[in-house]
Amino acid sequence: MRTQDIPHGILPSHAQLFYGGQWHAPLAGGYADTINPCYNEVIMAAPLADAADVHAAVQAADGAFAAWSALPPRERAGYLRKAASVLREHAMPLAQLDSLNNGNPVSALAHDAAFAADCLDYFAGLASEIKGETIPMGPGNLNYTSVQPLGVIARIVAYNHPLMFAAARLAAPLAAGNTVIIKAPDQAPLSVLRLAELVGPLFPPGVVNFLCGTAECGDALARHPLVRKVTLIGGVPTGRAVMRTAADSLKPVLLELGGKNALIAYPDADRERLVDGIIGGMNFTWSGQSCGSTSRVFLHESIHDEVLARVARTLPQRHKPGIPIDPATTMGSLVSQAQLEKVERYVAMGLEDGARLVCGGKRPDDPALREGFFYEPTVFADMRPSMRLAREEVFGPIMSVFKWSDEDRLFQAVNGVDFGLTGSIWTRDLDTAHRAAQRMQTGYVWINNASQHFLGAPFGGVKQSGIGREECFAELLEFTYTKNVNLKFA
């Protein structure tokens, strides 16, 4: 869909920053074009918040904190449930907007608003479960703890699911009694502006705030003394930058970062389900732009050739790049020219290092896709753990296949990267499955499954894949601190 063909009501009507319950033009007047990656054409200009805008938003959020945190938990939960209802009502237009702005297929993005609404409902239900405890101290003393909200929370979200991440990441800190500032991804900010239009007026002024901007905006949020915690969904370099800045004020962080995730197939794996899991786990639907993608596939030597051949036959039929806004499309575009060039560099690296190209490895031939940032689903075989393609996150549609025979050497390779977000294990043997899950150094493991999230199950990584857990009760506690109170009887 070309920019001039976008239906009325899809785009946000405000190209401003939302804080303190009102819309504000950027104080320095900064704007930047945001594009439709399908055609590399401008959709509209988005506002850019600088340090002065961040300060104004933080002041508004801080001013709203006392009243919001004093509300009974059930009242805070009521606000979250209203926001969830609004998201469900506008699910399809929001999906269309994200598809236009980040290049992912609208058919897959259609589920994002529903998941975000489920998160809001889930944490609304937990709002009254933030409880302290009493601690026996002997006669004459009453000792108890209470769990308190931190204050202003800054949440920086990623471009692959802008609406879902922005809306879902409001839930836990708000339920716990904090006020929140969401920073939209600079590559795809439009659905966050639309989210501000939809849910911003539901809350008291200053409780929810939405900013757009570049790294300058994120840096100012991490640096601001009134921001009590900063969170990020993004890449490792950005995570390092946020953590360095936050360290100046000893500000805690919650980071969901990159992955170079492994899928391990044992000889007894169900072949049909395995092929589906390999293709699905790579998230080709999102052009591989997912931190949880199982981009390293380890096939036992006894099944390697057969399974690889099946994947090579099935993948091009299942995922072919197409116009993202078309409901029939099963694979969209990359988000930007820079991301496309990065993918092309890694394909060249793989070839230079001696990997064998099995399929893909180029931009599609379809002339309808010529203007956009499309790339074919790509598979390399004959991989070695020392290759750059085997060790570095691409965030693109490139899957690397390894052959293994010795289990000890297998796990040396699987765990021999700096990442540890997800992993997938395929076997029919219960002992093998649990043994492999114990040996895999990741925060999240699927057995005979891949890619799926389950609300209530903690999601997060180890090593350079992040700090903390989300989508569960632990996320709620991430935005609190424990206060101890001791009363001495007269």
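The model is predicted, so local features need pLDDT of at least 70 and side-chain atom pairs count only at pLDDT 80 or more, while totals for chains, interfaces and linings use all residues. Residues are numbered from 1 along each chain as its sequence is written, and side-chain values use heavy atoms, with hydrogens and water left out.

Let's start with the domain. UniProt, in an unreviewed entry, lists residues 32-485 as "domain: Aldehyde dehydrogenase"; its positions are given in the numbering used here, feature names are shortened, and annotations may be inferred rather than shown by experiment. Over that stretch the chain is 40% helix and 19% strand, with the end C-alpha atoms 50 Å apart. Helices (H or I, at least four residues) and strands (E, at least two) are DSSP runs, numbered from the N terminus.

Strand 9 (residues 227-233) is a handy place to look, with six of its seven residues buried (under 20% relative accessible area; exposed is over 50%, partly exposed in between, with a 1.4 Å probe and protein chains only). Strand 9 runs parallel to strand 6 (residues 152-156), joined by five bridges, and Ile-153 has Lys-229 of strand 9 as its bridge partner. Strands count as paired if DSSP finds at least two bridges between them. Four bridges join strand 9 to strand 10 (residues 253-256), again in parallel, and here Val-230 stands opposite Val-253.

Next come the salt bridges, 27 in the structure (a side-chain nitrogen of Lys or Arg within 4 Å of a carboxyl oxygen of Asp or Glu). One of them joins Asp-118 and Arg-88, at 2.9 Å from N to O. This pair links distant parts of the chain, helix 5 (residues 112-126) and helix 2 (residues 73-89), 30 residues apart. Another joins Arg-194 and Glu-197 at 2.8 Å; both are buried. These two are separated by about one helical turn because they sit three residues apart in helix 7 (residues 190-199).

Finally, Leu-142, Tyr-144, Leu-487 and Phe-489 make a nonpolar surface patch of about 350 Å². Patch residues have over 30% relative accessible area and no salt bridge, with like charges joined within 9 Å and nonpolar side chains (Val, Leu, Ile, Met, Phe, Trp, Tyr) within 5 Å. Areas come from the Shrake-Rupley method with a 1.4 Å probe, and for residues only the protein chains shown count as cover. Leu-142 lies in strand 5 (residues 141-149) and, at 34% relative accessibility, counts as partly exposed.
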